[in-house]
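Work through the exercises below with the sequence and the model open. Try each task before reading its solution.

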Amino acid sequence: MQEKTNTHATGELPVQYTEENASDEIDLKVIIRQLWVKRKFILTTTAVFLLLGIFIAFTSPVSYTASSTIVPQSSQRGTGNLGGLASMMGINMGVSMSGETLSPTVYPQIVRSVPFCEEIMGTTILVEKSPSPITLYEYYTNKKYQQKNLLNGLKKYTIGLPGVILSSLRKSSSNYNTSINYTDTITGKVVSLTRDEKKVVDIIQQSTQFNLNQKDGYITLGYTFTEPEAVAVISQQLYQVLEKYVKNYKIQKQQDNLQFVEASYAEARRDFLQKQAALAVFQDANRGLVTATARTTERRLSSEYDIAFTVYNELAKQLEQAKLAVKESTPVLTVIDPVVVPQEKSTPKKSMIIAVFLMLGLITSIGWVLVKPFIDDIAKEVSVKT
């Protein structure tokens, strides 16, 4: 093998280049010439991918997305009024329960829970194929309301053919709509659903969009559906049901707080009346006495009476505040961007699909042209050895 030696003027060791090293270097001219020779193959393959992308873009199911942006009310932290009373008595209650609300981090579990989805499936919508309003459950379970789609049909009877066969076998062997058990993500209880209800629950969970921005403190809640007017109605229903869940939680906490205050007030009232009666009895029985023991006893009874009156008076105020807190209806979710009927389709994004398949066709064809010579060489070596 011939060797070429290059000696540097700096006196460093000579660097040797061999013909084997030179053959390993990539020659850009060779690559361009190779691509030019196979230009018809590259153009044909790219055109096939482009046509496939156009087919998928124009046959994919159409869907619209409607959403609203809401700001949840934050929980009121601090000791609160009851906490101030308790601290005066030497007790630390921590967080007041009167203003407590659900943490927004729990909202995703609420939105995807079975009871929540059951309320959403009862939403009344108006679709093109129905002259009268129907429920979302009826839309998803009755095929006559759903849109026909060529691409979905091809998937169903090609890739999804085993599933179709298994589904038909299940229907013929047993009652397809028998109840099945489903564990609720919120309560942990086992809920009994029919197979159709389970199917609709799964679709609602997949179609619901929930995004919590913890940094800025807002929530985006939306839904994806095949018709623009219907998806706006469903998205608005999502907000209303979520607001009901959060408000019920807050009301329940306020009612629990009211019961606690009522019990504490009743106990404080009994103690106050006892201390008041004991002081009055002592004063009536010891009129005109000037002994130190009598004065000490009277001061003790007066101090106990004052403390009992202070606690009783404070709890009476807290009882009225707790009653008002239960009656008042303060919003727990504030809408800053309401639901509107979408004018543009959310899917399919035709231009993006076509661009992706165009690039995929170019990359696939060029990659095959460049890799094929190496594959042929490997195949020849294997055939020679064998």
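**Exercise 1. Helix 13**

Task: Which residues of helix 13 are buried, and what covers them?

Solution. 
- Step 1. The buried residues of helix 13 are I353, F357, G361, S365 and V369. Buried means under 20% relative accessible area, exposed means over 50%, and partly exposed lies in between (1.4 Å probe, protein chains only).
- Step 2. The cover over these residues includes helix 2 (28-37) and helix 3 (39-59). Helices (H or I, at least four residues) and strands (E, at least two) are DSSP runs, numbered from the N terminus.
- Step 3. Helix 13 spans residues 350-385, 36 residues in total. From first C-alpha to last, helix 13 reaches 51 Å, close to the 52 Å expected at 1.5 Å a residue. The expected span is 1.5 Å times one less than the number of residues.
- Step 4. At V371 helix 13 has a kink of about 35 degrees, shortly before the proline P373. The bend is the angle between axes fitted to the seven residues ending at a residue and the seven starting there.

A note on the model. This is a predicted model, where local features need pLDDT of at least 70, side-chain atom pairs count only at pLDDT 80 or more, and totals for chains, interfaces and linings use all residues. Residues are numbered from 1 along each chain as its sequence is written, and side-chain values use heavy atoms, with hydrogens and water left out.

**Exercise 2. A peptide bond**

Task: Is the peptide bond from T347 to P348 cis or trans?

Solution. 
- Step 1. Omega is near -5 degrees, and the bond is cis.
- Step 2. P348 sits in the loop between strand 10 (333-337) and helix 13.

**Exercise 3. Strand pairing**

Task: Which residues stand opposite I70 in strand 9 and in strand 10?

Solution. 
- Step 1. Strand 3 and strand 9 pair in the antiparallel sense over seven bridges. Two strands pair if DSSP finds at least two bridges between them. The partner of I70 in strand 9 is I219.
- Step 2. Strand 3 also pairs with strand 10, antiparallel, over four bridges. There I70 stands opposite V335.
- Step 3. Strand 9 also pairs with strand 8 (residues 208-213), antiparallel, over six bridges. N213 stands opposite Y218 in strand 9.
- Step 4. Strands 8 and 9 form a hairpin with four residues between them. In the turn, G217 has a positive phi of about 75 degrees.

**Exercise 4. The nonpolar cores**

Task: How many residues are in the largest nonpolar core, and which have the most contacts inside it?

Solution. 
- Step 1. A nonpolar core is a set of buried Ala, Val, Leu, Ile, Met, Phe, Trp, Tyr and Cys residues joined through side-chain atoms within 4.5 Å.
- Step 2. The largest has 41 residues. Y107, I125, L136, I204, Y223, F225 and L242 have the most contacts inside it.
- Step 3. Elements that give two or more residues to this core include strand 3 (64-72), helix 7 (136-141), helix 10 (195-207), strand 9 (218-225) and helix 11 (228-285). The largest share, nine residues, comes from helix 11.
- Step 4. A second, separate core has 11 residues, among them V261, Y265, Y312 and L315.
- Step 5. Y312 and L315 are also among the buried residues of helix 12.

**Exercise 5. The whole chain**

Task: How many helices and strands does the protein have?

Solution. 
- Step 1. The secondary structure comes to 13 helices and 10 strands.
- Step 2. Of the 386 residues, 29% count as buried.
- Step 3. Among contacts between residues at least 6 apart in sequence, 68% join residues at least 24 apart.

Note on methods: Contact = heavy atoms within 4.5 Å.
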